[in-house]
Amino acid sequence: MSQLAVTVIGPDRPGIIADVTEALAGTGVNLEDSTMTLLRGHFAMMIVCSGPFEEVKEAVEPLRGELVITVRKVGPEHEHAPIGPSYILSVHGADRPGIVAAVTRMIATAGGTITDLTTRLSGELYVLTAEVELPLTAELEMLTRALEITAEELGVGVTLRPAESDEL
Amino acid sequence: MTVITGWSPADLGDGAVLEVLQAPHPVLATEGATVDPLDPATIQLAADLVATMRVSPGCVGLAAPQVGVAAQMFSLDVTGHPKTRTCHGLFVLCNAVVVEASRQEKGREGCMSVPDFTGDVKRATRLTVTGVLPGTTDEVTITTDAFEARALQHEIDHCNGKLFLDRVAGAHAVYPRKVYK
C-alpha cells in the first residue's frame with residue numbers, strides 16, 4: 001500500500017466520478033482527500049488515496065482515452081502546519097495577463113501561504129478567490145496597501161478579509 | 001442583557017463534566033427525543049451540560065447529543081463574544097423549536113464534535129425560538145439576533161441530529177481546521 005495521487009482530466013460527461021472511484025474501489029483503494037470541479041467545462045479531479053500502485057494503474061487503464069489519467073506515488077503524507085490566521089483574498093476585474101502572478105507574489109513576499117485558490121473567467125470579468133494564511137508577524141497594513149497598489153496597476157479590485165471561524 | 005426572568009442556572013444544582021463525543025458517533029446523527037423538563041434526570045443533564053460547557057474553552061453552546069444523549073436539550077451562553085448583540089446570558093432550553101427566522105447570513109462555524117473542520121453555513125440573523133426551561137413548565141419565547149441566533153440554530157440542529165456539515169454553503173465550503181501556535 002502506498003499513498004497515491006490520481007488526477008483525471010477530460011471532457012465532462014455524467015458518471016466520470018462513479019467510473020473512476022468504482023475502478024479504484026475494486027482494487028481496495030481507500031479514498032482520502034479529493035477535489036473536483038469543472039474548469040471551462042473540462043472535468044478535473046485530483047484524489048489522494050492509499051492503495052496498491054500497480055493494481056490502481058491497471059484498474060484505470062480501460063478509462064483512458066478521452067480521459068487523461070495519471071497515477072503517481074506520493075511521499076509520506078505532509079502535515080500542513082498552519083502558519084497563522086486565515087484570510088480570504090478576492091480579486092476581480094477586467095481580464096488581463098499577470099493578475100494571479102502579481103497578486104500571489106505579494107502574498108508570498110509577506111511570508112503568506114495559499115491553501116485554496118479558484119479563478120474563473122466569464123466574458124471579460126476575471127474573478128480570483130483564495131484562502132490565505134499569513135504569519136502573525138506579517139505587516140497586515142503594509143500588505144493590504146501593497147495589494148491595493150498592485151491591483152490599481154492591474155486595473156482590478158482587491159479585498160483581503162479575515163476568515164475566522166466561530167466555535168459553537 | 002435580556003434577562004430570562006424567574007429562572008436561574010443555579011437552580012439546576014451541581015453538574016458533572018461529561019465527555020464530548022465527536023463525529024462520526026451515531027448519536028450525533030440521531031434525532032433527539034423530547035424531554036420532560038420537570039424530570040430530575042432532565043435537570044441533572046441540564047446541569048451537566050452547563051458544567052461541561054464551562055470547562056470547554058471557547059465553547060458557547062452544548063447540546064445533549066454531544067454528550068451522548070439523544071434528547072432535545074442544550075445549554076447556551078454567548079456572553080462576551082464580540083459578535084453578540086442581543087444576549088440572554090446562560091440558559092438551558094428543552095424542546096426548542098424555531099418559530100421565526102429571517103435575514104440569512106453566511107458565517108464560518110466550528111464545532112467541538114467536528115474538531116478537524118470548519119464550514120461556511122447560512123443562518124438566520126433574526127430568530128424567534130420557543131422552548132421550556134428545565135425545572136419549569138411554561139413555554140418561553142426567545143427573540144434574538146446576530147451571534148446568539150446563529151448559536152441557537154447550531155444547537156437546535158444538534159438536537160435534531162444535524163451537524164453544520166449538513167448545512168454547508170457549497171462543495172468547497174468545508175475547510176481543514178486551522179490551529180496555529
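User: Which strands of chain A does helix α1 lie across?
Analyst: This is a predicted model. In it, helix α1 of chain A, residues 16-25, lies across β1 (2-11), β2 and β3 of chain A. The helix runs at about 20° to β3(A).

User: And helix α2 of chain A, what does that one lie across?
Analyst: Helix α2 of chain A covers residues 53-60 and lies across β1, β3 and β4 of chain A. Its angle to β4(A) is about 180°.

User: In what order do the strands of that open sheet come?
Analyst: The order is β2-β3-β1-β4 in chain A. The sheet is open, has 4 strands and pairs in the antiparallel sense.

User: Which strands stand at the edges?
Analyst: β2 (30-39) and β4 (68-73) of chain A. Each has a single partner strand, so one side of each is left without a neighbour in the sheet.

User: How many degrees does the twist average there?
Analyst: From one strand to the next, the twist averages 10°.

User: Over how many bridges do β2(A) and β3 of chain A pair?
Analyst: They pair over 8 bridges, in the antiparallel sense. Strand β3 of chain A spans residues 42-51. For a place to look, A:Thr35 stands opposite A:Met46 in β3(A).

User: How many bridges link β6(A) and β7 of chain A?
Analyst: β6(A) pairs with strand β7 of chain A, residues 125-133, over 9 bridges in the antiparallel sense. In β7(A), A:Val127 is the bridge partner of A:Arg120.

User: What domains does the assignment give for chain A?
Analyst: The domain assignment gives domain 1 (2-73) and domain 2 (86-162). The C-alpha centres of domain 1 and domain 2 of chain A lie 31 Å apart.

User: And where does UniProt place the ACT domain feature?
Analyst: An unreviewed UniProt entry places "domain: ACT" at residues 5-76 and 88-161 of chain A. Over residues 5-76, chain A is 25% helix and 46% strand, and the end C-alpha atoms are 11 Å apart. Residues 88-161 of chain A are 35% helix and 43% strand, with end C-alpha atoms 5 Å apart.

User: Now chain B. How many of its residues are in contact with chain A?
Analyst: 16 residues of chain B are in contact with 10 residues of chain A. β3 (91-111) and α2 (146-159) of chain B each supply at least two residues of the side that touches chain A. β3(B) gives the most to that side of chain B, with 5 residues.

User: How do the residues on that side of chain B divide?
Analyst: On the side of chain B that touches chain A, 6 are nonpolar, 6 polar and 4 charged.

User: Which strand of chain A pairs with β3(B)?
Analyst: Strand β9 of chain A, residues 166-167, pairs with β3(B). The sense is parallel, over 2 bridges. In β3(B), B:Gly110 is the bridge partner of A:Glu167.

User: Where does UniProt place the active site?
Analyst: At B:Glu155, according to an unreviewed UniProt entry. B:Glu155 is found in helix α2 of chain B.

User: Is B:Glu155 buried or exposed?
Analyst: B:Glu155 counts as buried, because it has 25 C-beta neighbours inside 10 Å. Not counting residues up to four places away in sequence, B:Glu155 touches B:Gly61, B:Ala63, B:Phe74 and B:Leu76.

User: What about B:Gly15, buried or exposed?
Analyst: B:Gly15 counts as buried, with 20 C-beta neighbours inside 10 Å. Its place is in the segment before α1 (40-54) of chain B.

User: And what does B:Gly15 touch?
Analyst: Leaving out residues up to four places away in sequence, B:Gly15 touches B:Ala47, B:Asp48, B:Val50 and B:Ala51.

Conventions:
Residues numbered from 1 in each chain as written. Chains lettered and ligands numbered in written order. Predicted model: local features only at pLDDT ≥ 70, side-chain atom pairs only at ≥ 80, totals over all residues. Contact = placed C-beta atoms within 7 Å. Nonpolar A, V, L, I, M, F, W, Y, C, P; charged D, E, K, R; others polar. Pairing = 2+ DSSP bridges. Axes fitted to C-alpha atoms, helices over the stretch in contact; angles between N-to-C directions. UniProt positions renumbered as here; feature names shortened; annotations may be inferred. Domains from an automatic or database assignment. Buried ≥ 20, exposed ≤ 12 C-beta atoms within 10 Å, placed from the backbone.
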